[in-house]
Amino acid sequence: MKAVKHSRQVRHIMQIARMMCVVAGLAGSLSPAQAANEPVSQVLEESVQVDGQRLNLNGSGTHIIKRVKIFNIGLYTTKPRNNKADLLASPGPVRLKLVMVKEVESELMGRRFLADIRSSTTKEERNQLVYQLMAIGEGFAKMGDWKVGDVMTIDWSQGKGTVFRSNNRQIGETLKDDLTMHAILKIWLGDNVADNKLKRLLLGDKE
């Protein structure tokens with residue numbers, strides 16, 4: 001029974017690795033030449049409504065891997081947040097909005113995602129996130145490939161938890177904790193981010 005349980009957990013983790021690669025930044029093997037036909041930009045609204053509150057666009061940028069644009073990303077907050085500590089200490093709501101500018105296959109290797117999580121969270125935090133990541137994996141497992149123009153939103157409010165949506169359809173269950181969103185935000189806003197320019201843009205810097 002232990003072996004069966006362990007095998008099931010491994011499958012869940014692999015689902016997470018494959019399906020959350022979009023959030024963490026995996027985009028497959030894409031060459032710079034493939035960027036030629038990409039849309040120049042995708043619209044990110046100046047304001048949105050989350051849990052009955054108006055959130056304004058705090059900052060936005062483009063997630064790029066190997067010189068290829070993968071998705072545009074916007075951070076929405078109740079008031080300007082120009083540093084990570086201030087953002088993580090806020091009660092929310094907070095929204096991350098990702099707009100795909102490159103098609104991404106759902107079957108992707110998970111090494112980069114897992115590495116990003118390891119680098120942006122402590123061992124204690126990772127231990128606390130096991131259930132949440134498994135739940136996210138189960139929700140994402142039924143989704144197909146990400147197409148150009150597809151939209152993912154990740155909404156969080158203190159005490160209410162984190163909700164993932166793809167093209168306005170909820171992905172999986174509401175994760176009723178704060179650590180999940182904090183870990184996700186640290187992928188782009190943490191101390192060991194892959195793209196410091198994008199971090200600065202999301203925190204309100206202008207190009």
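Among contacts in the protein chain between residues at least 6 apart in sequence, what percentage join residues at least 24 apart? The share is 67%, where a contact means heavy atoms within 4.5 Å. The structure is a predicted model, in which local features need pLDDT of at least 70 and side-chain atom pairs count only at pLDDT 80 or more, while totals for chains, interfaces and linings use all residues. Residues are numbered from 1 along each chain as its sequence is written, and side-chain values use heavy atoms, with hydrogens and water left out.

The protein chain contains 8 helices and 7 strands. These elements are DSSP runs numbered from the N terminus, with helices being H or I runs of at least four residues and strands being E runs of at least two. Of the 207 residues in the chain, 49% count as buried. Buried means under 20% relative accessible area and exposed means over 50%, with partly exposed in between, for a 1.4 Å probe and protein chains only. The chain exposes about 11,000 Å², and carbon and sulfur atoms supply 49% of that area. Accessible areas come from the Shrake-Rupley method with a 1.4 Å probe, and for residues only the protein chains shown count as cover.

The largest nonpolar core comprises 36 residues, and those with the most contacts inside it are I73, L75, L96, L185, W188 and L189. A nonpolar core is a set of buried Ala, Val, Leu, Ile, Met, Phe, Trp, Tyr and Cys residues joined through side-chain atoms within 4.5 Å. At least two residues of this core are supplied by each of β3 (68-77), α3 (84-89), β4 (94-100), α6 (130-140), β5 (151-157), β7 (169-175), α7 (179-189) and α8 (196-202). Helix α7 gives the largest share, 8 residues. A second, separate core has 6 residues, including L44, L55, Y76 and V99.

In helix α7, 11 of the 11 residues are buried, so the helix is largely enclosed by the rest of the structure. Its buried residues include L179, H182, K186 and L189. Not counting residues up to four places away in sequence, L185 touches L75, L87, L88, V94, L96 and G190. W188 is also buried, as is F71. The structure holds 1 aromatic pair. The ring centres of F71 and W188 are 6.3 Å apart and the ring planes lie at 85°, so the pair is edge-to-face. Rings of Phe, Tyr and Trp (its six-membered ring) pair if their centres lie within 6.5 Å; planes under 30 degrees apart count as stacked, over 60 as edge-to-face and the rest as tilted. Distant parts of the chain are linked by this pair, with F71 in strand β3 and W188 in helix α7, 117 residues apart.

Strands β1 (residues 47-50) and β2 pair in the antiparallel sense over 4 bridges. Two strands pair if DSSP finds at least two bridges between them. Q49 stands opposite R54 in β2. The two strands β1 and β2 form a hairpin with 2 residues between them, and D51 in the turn has a positive phi of about 50°. Strands β2 and β3 also pair in the antiparallel sense, over 9 bridges, and Y76 in β3 is the bridge partner of L57.

Strand β2 (residues 53-65) includes Q53, which is partly exposed with a relative accessible area of 37%. Leaving aside neighbours within four places in sequence, Q53 is in contact with V48, T78 and P93. The C-alpha atoms of Q53 and G92 are separated by 9.5 Å, although the two residues are 39 apart along the chain.

Two loop residues were also examined. T121, in the loop between α4 (111-120) and α5 (123-128), counts as buried at 8% relative accessibility. Apart from neighbours within four places in sequence, T121 is in contact with R126, L129 and A183. N82, in the loop between β3 and α3, counts as exposed at 58% relative accessibility. N82 and G59 are 23 residues apart in sequence, and 9.2 Å separates them in space, C-alpha to C-alpha. The side chains of N82 and N83 are joined by a polar contact of 3.1 Å. A polar contact is a pair of N or O atoms within 3.5 Å; within protein, one must be able to donate a hydrogen and the other to accept it, and residues adjacent in sequence count only if both atoms are side-chain atoms.
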